[in-house]
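Thanks for coming, everyone. Let's get it on the screen.

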Amino acid sequence: LGALINPITTTFLLHALQLLFFAIWVYTHRHPILIKSRDLKYLITFSVISALPLFLFTSAMQHLNIGAVLLIQNVVTLFVSILVEYLTLNKLPSIIQTSYILISITAIALIYLPFEVQSIIGIFFASGVGLTNALTNQLRGQLGQNYTPEKLSLYSSVAGTLLWGIICLLSNSVVTSLLFSTPILLLTLGVYALLNIATTFLINKGFATVPLTLGNTLLLLEIIVGYSLGALFFNEYY
């Protein structure tokens, strides 16, 4: 998809489709969308930061293979989450958790290293995914105590759609031409949107109850999927 649509347009379209879905969901289920004043600054911060990983990931995939992107982003996410928990809670991972993290990172390295550094900017984008994911997940855990996953998804979709819609206009990114695109491209975009909607909801729900570092460690399961997809569809073997 990234080879046919630029990352800015892709990010805007995915947020817009996500906004449509969660707006309908919240309306039909009669969820109140009132925001407590004390949470406003955290919700704004969460909504803005959560709009970044999708663009950064899409951009990173244009410069690095999927293995390199997943390796860099997950390692950065883990280390940032450990740092955040230490700075905010003065909490370090337990021995068992530390062992799990080290084993996980070693396993990732055995799968993906060495990989060719095709692009420094690709590494920058992949690191950005890891950083913004860790910060967003921290806010998910904090806000998830008072707001349902559906409402958090709606708030982040509104911010993402507005932010990337404005950037689309300023960068003259073409959106209307997609209406005349091939059915395969539109189908791919639709599937991507559904997967993104499911991911957003499940992560919002998960981090409401799971500690930050543990949750980010569990997200390493995507490595298994990424490794398989790389081999099956992109001819990337490690």
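Which residues are exposed on the other side of H10? They are Leu221, Ile224, Leu232 and Phe233. Keep in mind that this is a predicted model.

Now the buried set. In H10, the buried residues are Ile223, Gly226, Gly230 and Ala231. They cover an arc of only 125° around the axis, which puts them on the same side of H10. An α-helix has 3.6 residues a turn, so residues three or four places apart point the same way.

A quick check on the geometry of H10. The helix runs over residues 221-233, 13 residues in total. At 1.5 Å a residue, H10 should span 18 Å, and its end C-alpha atoms are 19 Å apart, which agrees. Just after H10 comes Asn235, with a positive phi of about 55°.

Next, helix H4, residues 66-89. Its 24 residues should span 34 Å at 1.5 Å a residue; the end C-alpha atoms are 33 Å apart, so that agrees. Just after H4, Asn90 takes a positive phi of about 55°.

Is Ile82 buried or exposed? Its relative accessibility is 19%, so Ile82 counts as buried, because the cut-off for buried is under 20%. Who are its contacts? Leaving out residues up to four places away in sequence, Ile82 touches Lys91, Pro93, Ile101 and Thr213. One distance to note: Ile82 and Leu92 are 10 residues apart along the chain, and their C-alpha atoms are separated by 6.9 Å.

Ile184 is found in helix H8, residues 183-206. At 59% relative accessibility, Ile184 counts as exposed.

Last item, a helix pair. Two packed helices are described by the angle between their axes and the distance between the axes. Helix H2, residues 40-50, packs with helix H6, residues 120-143, at an angle of about 145°. Their axes are 9 Å apart. The crossing of H2 and H6 is left-handed.

Who makes the contact? From H2, it is Tyr42, Leu43, Thr45, Phe46, Ile49 and Ser50. From H6, it is Thr132, Leu135, Thr136, Leu139, Arg140, Gln142 and Leu143. By class, the contact of H2 with H6 has 7 nonpolar, 5 polar and 1 charged residues.

That's my tour. Over to you.

Note on methods:
Residues numbered from 1 in each chain as written. Predicted model: local features only at pLDDT ≥ 70, side-chain atom pairs only at ≥ 80, totals over all residues. Heavy atoms only, no water. Helix = DSSP H or I, 4+ residues; strand = E, 2+ residues; numbered from the N terminus. Expected span 1.5 Å × (residues − 1). Buried < 20%, exposed > 50% of the residue type's maximum accessible area, 1.4 Å probe, protein only. Arc of directions from axis to C-beta. Axes fitted to C-alpha atoms, helices over the stretch in contact; angles between N-to-C directions. Left-handed = near helix turned anticlockwise from the far one by under 90°. Contact = heavy atoms within 4.5 Å. Nonpolar A, V, L, I, M, F, W, Y, C, P; charged D, E, K, R; others polar.
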